[in-house]
Amino acid sequence: DGNRVPYTDAMYKDDLLRDKYQSNPFTFLFQGYERRFALYKEFVMLVKLITSMLLVILVHRQVVVAITVLAINVIFSGVSFATRPFIESTDDLMDMCARVSVSLTLVLALVSMPDLVDLGDARPVVSVIMLALQALNLCCMVGLLLYSLSWVKNKVKEFRAVCELDDTCKHTLSTDPHSVVAGWNLPLELRHRVWHSFWRRVMSEDGVGKEVEERFEELCELAREKGVNRVRDHYRNAKDPYQLQVRQRCLHLEGVDVYWDGRVHDGHNDSVSHFGKFYVEHYPFHAVFVADDSDDYAFMHDPKELATLVEKNLDAGHLAQCRHYRKIL
């Protein structure tokens with residue numbers, strides 16, 4: 001829509017479902033977690049590794065092992081409760097149930113150790129409590145798993161007579177109609193709810209063809225990434241003879257011997273030679289420069305910036321000789 005919006009966890013979740021991410025064999029390591037906690041599963045694996053090593057080292061000291069594992073689990077549970085790393089709230093609740101269940105099981109196991117407490121005839125009672133705890137945890141897990149299904153959520157909403165409204169611009173969902181409707185941008189809501197759905201339906205029809213549908217999705221993704229203003233600039237500049245000439249010269253310059261000493265991604269050009277790879281993306285038209293001798297790169301959408309790069313590299317002076325020698329080498 002041409003307006004910059006915050007990148008939310010909901011957008012992050014949708015992006016991970018795209019083909020280019022699903023083809024990544026390591027997507028399972030961070031899928032389902034909030035973006036800021038993408039390494040949470042690695043953290044869990046590290047905790048399990050440390051716990052396993054302690055169990056091996058202290059194998060003959062059962063009481064010490066039980067106390068150590070309980071301490072690690074309580075600390076880790078506290079971190080999990082504080083961070084709530086999952087995108088879905090039901091996943092966070094399932095994780096909390098599991099942490100509480102494990103912690104209480106460890107406490108009961110520690111209490112029932114003969115070296116600490118002599119329970120006598122009460123030992124079977126502890127076993128019954130432990131089984132009841134596991135059964136309760138299983139019921140909670142099954143209930144939360146069922147509630148995470150969309151059709152179950154809809155049935156619960158119908159039973160409770162709850163109506164949720166969403167804002168397609170802010171990507172928010174609320175049961176308070178006054179707060180949601182008051183913030184609606186009606187022209188954009190109409191476009192999102194009616195016209196976007198209409199064109200997606202048209203492009204998914206059997207007679208259209210798979211190639212057309214894939215191209216439509218590709219254009220939608222480019223519009224989301226670059227914004228509608230840059231798409232409009234693409235067509236507006238295509239009508240300008242001078243801009244068309246600049247584009248043709250950019251295509252001519254594509255290669256690994258292009259000079260650029262201007263703006264880069266971090267605002268500070270660390271390259272010494274200022275030479276690097278230069279290539280063009282045709283839609284919406286922009287160029288990318290990647291420096292040879294540093295980590296600098298630049299996305300060039302501004303026509304004036306592209307014109308400056310073209311003038312510097314096509315100037316028949318010292319820079320042209322440098323480019324010529326680089327091509328020879």
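Tutor: Asp233 and Arg236 are both in helix H11 (residues 228–237), three residues apart and thus about one turn of the helix. Helices here are DSSP runs of H or I with at least four residues, strands are E runs of at least two, and both are numbered from the N terminus. This is a predicted model, in which local features need pLDDT of at least 70 and side-chain atom pairs count only at pLDDT 80 or more, while totals for chains, interfaces and linings use all residues. Residues are numbered from 1 along each chain as its sequence is written, and side-chain values use heavy atoms, with hydrogens and water left out.

Student: What is the N to O distance in the salt bridge of Asp233 and Arg236?

Tutor: A salt bridge requires a side-chain nitrogen of Lys or Arg within 4 Å of a carboxyl oxygen of Asp or Glu. Asp233 is partly exposed, with a relative accessibility of 31%; the classes are buried under 20% relative accessible area, exposed over 50% and partly exposed in between, with a 1.4 Å probe and protein chains only. The side chains of Asp233 and Arg236 meet with an N to O distance of 2.3 Å.

Student: Which residue forms a salt bridge with Glu218?

Tutor: The closest N and O atoms of this pair are 3.2 Å apart.

Student: Which helix gives the most residues to the lining of the second largest pocket?

Tutor: A pocket is an open set of points on a 1 Å grid over the protein atoms alone, where a 1.4 Å probe fits, with protein on both sides within 12 Å along at least five of seven lines; lining residues have an atom within 4 Å of a point. The second largest pocket has a volume of about 380 Å³, the space filled by probe spheres set on the points. Of its 18 lining residues, the closest to the centre are Val44, Lys48, Asn73, Phe76 and Arg99. Two or more lining residues each come from helix H3 (40–57), helix H4 (62–83) and helix H5 (89–111), and the most, six residues, come from H3.

Student: How far apart are the end C-alpha atoms of residues 38–58?

Tutor: The unreviewed UniProt entry annotates residues 38–58, 64–84, 96–113 and 125–147 as "transmembrane region"; such annotations may be inferred rather than shown by experiment. Residues 64–84 are 95% helix and 0% strand, with end C-alpha atoms 30 Å apart. Residues 38–58 are 86% helix and 0% strand, and their end C-alpha atoms are separated by 32 Å.
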